[in-house]
Amino acid sequence: MEVKHRMEIEEHYTNRSGWLRAAVLGANDGILSTTSLAIGIAVASTTREPIVLAALAGLVAGALSMAAGEYVSVSSQSDIEVADLTREKGELENTPDAELQELANIYRQRGLDENLAKQVAVQLTAHDALGAHAKDELGINEITQAKPMQAALASAASFIIGGLLPLLVSIFAPIKLMLIYQYGFSIVFLGLSALVAAKAGGSSRGKAVLRICFWGTAAMVMTALVGYLFGVKTT
């Protein structure tokens, strides 16, 4: 009874991989790219308006770019999966015996003896031949199957949420301390984003925070350097 109860409450994170990857990428990119853009302009400006305009433009352009990029990328993956499934369906119709043996060989390579592997292959083929080949031969299942629209919406929405934070800093932070405020708040935001992602994905929180803060700092420093070297002070 206890084993059954533990199996019922056991939590897995693989089913979150599709939308979680897009959401984390979008939030981090929204925070980091918008902040970096604001910092780059702030280095070359003594007024607030160019900084706010740059942050707003970066927010809008970035959200649309992230959504389009995710949709195209995941759609390409989906097209490959559909093509593989179509080809596999044709092979099942034209050479069912060869496909049955192929499935049995897969199970035998995983540790089953020859007779048991053949029995499993026969039963799974009778239940859902295409599903068995999709999962065990092609590595495609409902959990990890590409979902372009879901990825695009998750990426765009999370980018907007992330990008709004540095935009608000651009609007309300003291202009003389803009760089400090932008950097400080962005590191806090990035750290919180990493914590949420690590908790949702069941991974190490400390490693996630350290990784994003390190690379976030590097990106903002480089952008500030570009603004300093090539920027023209505006009044």
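View 1. S36 is found in helix α2, in a model that is predicted. Because the relative accessibility of S36 is 7%, this serine counts as buried. A polar atom of the S36 side chain lies 2.7 Å from the backbone oxygen of L32. When its neighbours within four places in sequence are left aside, S36 is in contact with A219, M220 and T223.

**View 2. The chain as a whole.** The chain contains eight helices and zero strands, and from the N terminus on its elements run α-α-α-α-α-α-α-α. Of its 235 residues, 36% count as buried. Among the contacts in the chain with a separation of 6 or more, 78% are made by residues 24 or more positions apart.

**View 3. The largest nonpolar core and the contacts of L190.** In soluble globular proteins, nonpolar side chains tend to be buried together. The largest nonpolar core of this model has 14 residues, of which I39, L190, I212 and M220 touch the most other members. Helices α2 (17-43), α7 and α8 (205-230) each supply at least two residues of this core. If residues up to four places away in sequence are not counted, L190 touches N28, I31, L32, I212 and G216. Apart from this core lies another, of eight residues, which includes L103, A104, I106 and Y107.

View 4. A search of the whole structure finds three aromatic pairs. In one of them, the rings of F185 and F189 have their centres 5.8 Å apart and their planes at 40°, so this pair is tilted. Both F185 and F189 lie in helix α7 (residues 178-201), where they are four residues apart, about one turn of the helix. An α-helix has 3.6 residues a turn, so residues three or four places apart point the same way. F185 is partly exposed, because its relative accessible area is 36%, whereas F189, at 17% relative accessibility, counts as buried because buried means under 20%. Another pair is formed by F214 and W215, whose ring centres are 5.0 Å apart and whose planes stand at 80°, so this pair is edge-to-face. Both F214 and W215 are exposed. Ring pairs also link Y181, F185 and F189 into a cluster.

**View 5. The kinked helix α5.** Helix α5 (residues 114-136) has 23 residues, yet its end C-alpha atoms are only 17 Å apart, short of the 33 Å that a straight helix would reach at 1.5 Å a residue. A kink of about 120° is present in α5, and this kink is centred on D128. At the start of the helix, a side-chain oxygen of D113 reaches to within 3.2 Å of the backbone nitrogen of N115.

**View 6. The buried residues of helix α5.** The residues of α5 that are buried are A117, A121, A129, A132, H133, A134 and D136.

Methods:
Residues numbered from 1 in each chain as written. Predicted model: local features only at pLDDT ≥ 70, side-chain atom pairs only at ≥ 80, totals over all residues. Heavy atoms only, no water. Phe/Tyr/Trp six-rings, centres within 6.5 Å; stacked < 30°, edge-to-face > 60°. Buried < 20%, exposed > 50% of the residue type's maximum accessible area, 1.4 Å probe, protein only. Expected span 1.5 Å × (residues − 1). Bend = angle between axes of the 7 residues up to and from the residue. Polar contact = N/O pair within 3.5 Å; in protein donor to acceptor, adjacent residues only side chain to side chain. Core = buried A, V, L, I, M, F, W, Y, C linked by side-chain atoms within 4.5 Å. Contact = heavy atoms within 4.5 Å.
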